[in-house]
Amino acid sequence: MIIQRLLWVYCQIRFVQYLLQFIANTIIPDHDAHVFDPPLWSLNNETILDICINKFFSGLRRWDAIHYLHIARFGYIYENTLAFFPGYPLLFVHPLGYILKNFLIESNAYLLSGILINFFIGLLNTYLIFKLGLKYNLKFHHAYWSSILYIINPATIFFLAPYTETLFLFSQLLGHIYLKENKIFYSYLCFSFGSIIRSNGIISFGFIIYYYLKKSYQKKQLCFPIYYFILCILPFILTQYFLYKEYCYEKNISDELKIYGFNNDLSMPLKNFSSIWCLKQIPLSYQYVQKKYWNVGFLNYWRWKQIPNFCLALPIYIIIGNFIINWFKLIRKDLWKNKFKYLFLQENQSKINIWFEKNDFVPHIIYILFLSLFTLFFMHIQVSTRFLFSSGPLLYFICADRIQPYDINNRNLIKLFSLFQKETFLFYYYFIYVIIGISLFSNFLPWT
């Protein structure tokens, strides 16, 4: 019964969010952002269904969503798209889009495919966060609120639009559930799947490494199977090899797409080994493309003009920073006493019953701290909110900890929000980012 109610809340909130996107896209004129927007999205021979889909959902075909839908439809024909891994567009959006184009024009088929996939995977994520919270022995209300806060998280628009956030989070949640159940191989498969969706997926294998290190410490002998180390890096290597085969050999490209590429100075595989990285001894596209097209690198984004984007990311760093400080204050005596061994203790020795003091959360805390610092110093800072909210369950547990005392039994959607409103900072952070994020994103206004 509780699961059904939770999933019904998900459907209600998602409908409101889709409706908000439609209203914002209708009443606010689109901004000319001069971003990647290739041709062949025409609406010729459209049906009534096509008109409805384009009218209602076109606000979700913005920013990076265009990259993913273009890859799903045409493959990798522009070098800048190699920054986007193939797991989501080619393994999910393309197959469903291929079926839907029997009923819709091609551009709408792939758009609807991406939206439907994110909707149903999001439904699973809502359940998995709740289930994972219970597996980590969180209180019932804590686990339930964690799921609610996933549905309305500040990066919501990126879980609605054809982005990888929803699918990547699914791979992480399922991987953690299997790891908690000691089903290591299934956990490995989930994290492997995540690493072909997004490049940072390879970091998730740290959880498996931690699992075996802890096991080795407890048994006083090395238990880590060496083949797991090979398996951990294999998905990334296979992805890079696929992109090499996909891009580094000549392709037949339509004239319209060629003209767009030439006009926007985009490299295309018009001949074999058309790019510098193709000729390297180890031809890895990712770092080359990120540096050339996205200016990703240490402190590359630390410029005065980026101060508004740093302000945009500030709330998530306040939440994580405050949590890390409180966690360290709580464990510092045990950490000082046990030193490095603290990481691998079966149970902490404190008598204080606080959920995040459990040693089960140590790898999650290290993980979120690493990602936060990496995002701060190496990436475009404005993506930190969606990047961190899609990287695992811990952020939802942290935020839900503030409102877990509020009883959710027999509450409808309006009463849930009235309870949430009692936590002022969190409520306004979520509410403002959801409303403004959806409104700006759907009109090509900066919110990435």
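Helices here are DSSP runs of H or I with at least four residues, strands are runs of E with at least two, and the numbering goes from the N terminus. Before we go on, this is a predicted model, where local features need pLDDT of at least 70, side-chain atom pairs count only at pLDDT 80 or more, and totals for chains, interfaces and linings use all residues. Residues are numbered from 1 along each chain as its sequence is written, and side-chain values use heavy atoms, with hydrogens and water left out.

Of the 448 residues, 54% count as buried. Buried means under 20% relative accessible area, exposed means over 50%, and partly exposed is in between, using a 1.4 Å probe and protein chains only. Now contacts, meaning heavy atoms within 4.5 Å. If you take those with a separation of 6 or more, 74% are between residues 24 or more positions apart.

What does the record say? The unreviewed UniProt entry annotates transmembrane regions, among them residues 361–381 and 425–445. Such annotations may be inferred rather than shown by experiment, the positions follow the numbering used here, and feature names are shortened. In the model, residues 361–381 are 81% helix and 0% strand, with the end C-alpha atoms 26 Å apart. Residues 425–445 are also 81% helix and 0% strand, and there the end C-alpha atoms are 25 Å apart.

Let's zoom in on helix α12, residues 255–263. Its buried residues are Leu257, Tyr260 and Gly261. Looking down the axis of α12, these buried residues fall within an arc of 100°, so they line one face of the helix. That arc is taken from the directions from the helix axis to the C-beta atoms. Here's the general idea: an α-helix has 3.6 residues a turn, so residues three or four places apart point the same way. The cover over the buried residues of α12 includes α3, residues 64–74. On the other side of α12, Asp255, Phe262 and Asn263 are exposed. After α12 comes aspartate 265, with a positive phi near 55°.

How many disulfides does a search of the whole structure find? One, where a disulfide is a pair of cysteine sulfur atoms within 2.5 Å. It joins cysteine 248 to cysteine 278, with S to S at 1.9 Å. The pair links distant parts of the chain, 30 residues apart: cysteine 248 is in the loop between α11 and α12, and cysteine 278 is in the loop between α12 and α13. Both cysteine 248 and cysteine 278 are buried. The link is left-handed, with -80° about the S-S bond.

That loop between α12 and α13 also holds proline 269. Is proline 269 buried or exposed? Buried, with a relative accessible area of 0%. Not counting residues up to four places away in sequence, proline 269 touches several residues, including Tyr76, Ile77, Tyr247 and Lys251. The C-alpha atoms of proline 269 and lysine 251 are 5.8 Å apart, though 18 residues separate them along the chain.

Last stop: asparagine 25, in helix α1. Asparagine 25 counts as buried, at 13% relative accessibility. Its side chain makes a polar contact with the side chain of arginine 62, at 3.2 Å. A polar contact is a pair of N or O atoms within 3.5 Å; within protein, one must be able to donate a hydrogen and the other to accept it, and residues adjacent in sequence count only if both atoms are side-chain atoms. Leaving aside neighbours within four places in sequence, asparagine 25 also contacts residues including Ser442 and Asn443.
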